[in-house]
Amino acid sequence: MLRDAQATKQALVKWIQEYFAKNGPTCSAVVGISGGKDSSVVAALCVEALGKERVVGVLMPNGVQSDIDDAKEVVATLGIRHMVVNIGAAVESLKQSILDGDHFSDITGSTEHARDAVINLPARIRMTTLYAVGQNLPGGARVANTCNGSEDYVGYSTKYGDAAGDFSPLAHLLVEEVREIGRTLPIPAHLVDKTPSDGLSGQSDEDKLGFTYAELDRYIRTGICDNVETKQRIDHMHKINLHKLQLMPSFDADEYVKK
Ligand SMILES: Nc1ncnc2c1ncn2[C@@H]1O[C@H](COP(=O)(O)OP(=O)(O)OC[C@H]2O[C@@H]([n+]3cccc(C(=O)O)c3)[C@H](O)[C@@H]2O)[C@@H](O)[C@H]1O
Ligand SMILES: Nc1ncnc2c1ncn2[C@@H]1O[C@H](COP(=O)(O)OP(=O)(O)OP(=O)(O)O)[C@@H](O)[C@H]1O
């Protein structure tokens with residue numbers, strides 16, 4: 001729980017202003033708008049920080065998106081310019097091109113994509129779309145990362161997909177804290193409390209993770225977790241996914257080659 005949600009919101013707005021002043025004074029923020037709480041909160045914070053003229057929302061249904069009206073409600077409420085880019089054709093075409101590529105089945109031992117490849121590919125196409133939209137904006141753009149601190153702790157994101165971005169306002173805020181910030185912003189209340197899902201696997205986040213965000217947030221903040229198996233699962237996910245938050249290791253000849 002935040003000590004003062006209003007004060008934290010103001011600090012976030014200042015942080016975004018300072019980031020843009022230093023890293024892109026003419027740039028707009030580009031935000032992928034899913035219709036969930038994280039992207040809604042990030043977009044609203046960017047509007048407060050930069051003004052609505054400097055925020056561009058990108059709605060990216062993968063074919064038919066059942067909750068697309070939520071995303072439309074966000075951009076309408078915030079009054080921001082937005083584009084709708086349906087990634088369905090690109091996703092299907094890339095999947096097929098990979099299957100049709102020489103030696104797919106020799107190398108993979110299968111004629112089908114693995115489940116993880118199918119789940120994560122749309123997120124990486126969305127990232128590609130956001131950067132392409134940004135590079136078409138006359139004043140330039142910085143792509144917002146919308147991951148929150150709870151997701152980051154367990155690495156619940158697609159590496160170089162939604163885990164990518166140029167600036168990350170929510171990375172140190174846990175799910176319940178993001179909701180508190182959301183309640184200080186002019187975004188539809190039902191979206192702040194909407195059940196989070198990755199929109200990729202067909203399951204809610206909590207069903208897929210196997211624990212609730214309340215359990216996760218409490219463990220991150222206090223180190224307390226009543227269920228031993230849940231604690232082990234969180235610890236395991238944290239450990240195996242830390243690479244998503246780190247710079248990739250790079251070979252340095254000075255370290256490895258004896259002089
Ligand atoms: N130790 C290590 N050091 C360096 N790299 C390592 C590595 N282990 C794996 N890798 C690399 O990382 C790859 C796996 O990572 P990644 O591609 O991200 O995939 P992965 O972690 O397998 O899956 C991502 C999970 O995040 C969920 N998700 C995705 C997007 C959004 C949201 C959301 O709710 O917001 C949730 C999704 O449902 C799925 O469960 C491997 O294929 C490998 O290339
Ligand atoms: N259909 C979509 N259209 C536009 N952007 C999307 C879409 N799906 C995902 N994104 C982008 O990827 C991020 C991660 O999306 P995801 O659906 O996995 O859920 P999330 O982490 O719960 O975020 P949110 O609460 O914003 O939905 C979103 O915050 C958004 O920026």
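Author: Helices (H or I, at least four residues) and strands (E, at least two) are taken here as DSSP runs and numbered from the N terminus. The model is predicted, so local features need pLDDT of at least 70 and side-chain atom pairs count only at pLDDT 80 or more, whereas totals for chains, interfaces and linings use all residues. Residues are numbered from 1 along each chain as its sequence is written, and chains are lettered from A and ligands numbered from 1 in the order in which they are written.

Reader: With elements named in that way, which of them gives the most to the shell around ligand 2?

Author: A residue is near a molecule if its C-beta atom, placed from the backbone, lies within 6 Å of it. Around ligand 2 there are 19 residues, of which G32, G36, D38, S39 and T146 come nearest. The elements that give two or more residues to this shell are α2 (37–50) and β2 (55–59), and α2 gives the most, with three residues.

Reader: How many nonpolar, polar and charged residues does the shell around ligand 2 have?

Author: Ala, Val, Leu, Ile, Met, Phe, Trp, Tyr, Cys and Pro count as nonpolar, Asp, Glu, Lys and Arg as charged, and the others, Gly among them, as polar. The shell around ligand 2 then has six nonpolar, seven polar and six charged residues.

Reader: Which residues are closest to ligand 1?

Author: Of the 17 residues that surround ligand 1, the closest are N120, T158, K159, D198 and H243. Both α6 (115–135) and α10 (205–209) supply at least two residues of the shell, with α6 giving the most, four residues. By class, the shell around ligand 1 has four nonpolar, six polar and seven charged residues.

Reader: Is β1 buried or exposed?

Author: A residue is buried if 20 or more other C-beta atoms lie within 10 Å of its own, exposed if 12 or fewer, and partly exposed in between, with C-beta atoms placed from the backbone. Five of the five residues of β1 are buried, so this strand is largely enclosed by the rest of the structure. From β1, S28, V30 and G32 point one way while A29 and V31 point the other way, and all are buried.

Reader: Which strands pair with β1?

Author: Two strands pair if DSSP finds at least two bridges between them. Three bridges join β1 to β4, which run parallel, and there the bridge partner of A29 is R142. With β2, β1 pairs in the parallel sense over four bridges, and G32 stands opposite V58.

Reader: Which residues touch the most other members of the largest nonpolar core?

Author: A nonpolar core is a set of buried Ala, Val, Leu, Ile, Met, Phe, Trp, Tyr and Cys residues joined through C-beta atoms within 7 Å. The largest such core has 44 residues, of which V30, V31, V41, A43 and C46 touch the most other members. Its largest share, eight residues, comes from α2. Apart from this core lies another, of seven residues, among them Y153, V154, Y219 and I234.

Reader: Where does D252 lie, and is D252 buried or exposed?

Author: D252 lies in the loop between α12 (228–241) and α13 (253–256). With 8 other C-beta atoms within 10 Å, D252 is exposed. D252 and I80 are 172 residues apart in sequence and, C-alpha to C-alpha, 45 Å apart in space.
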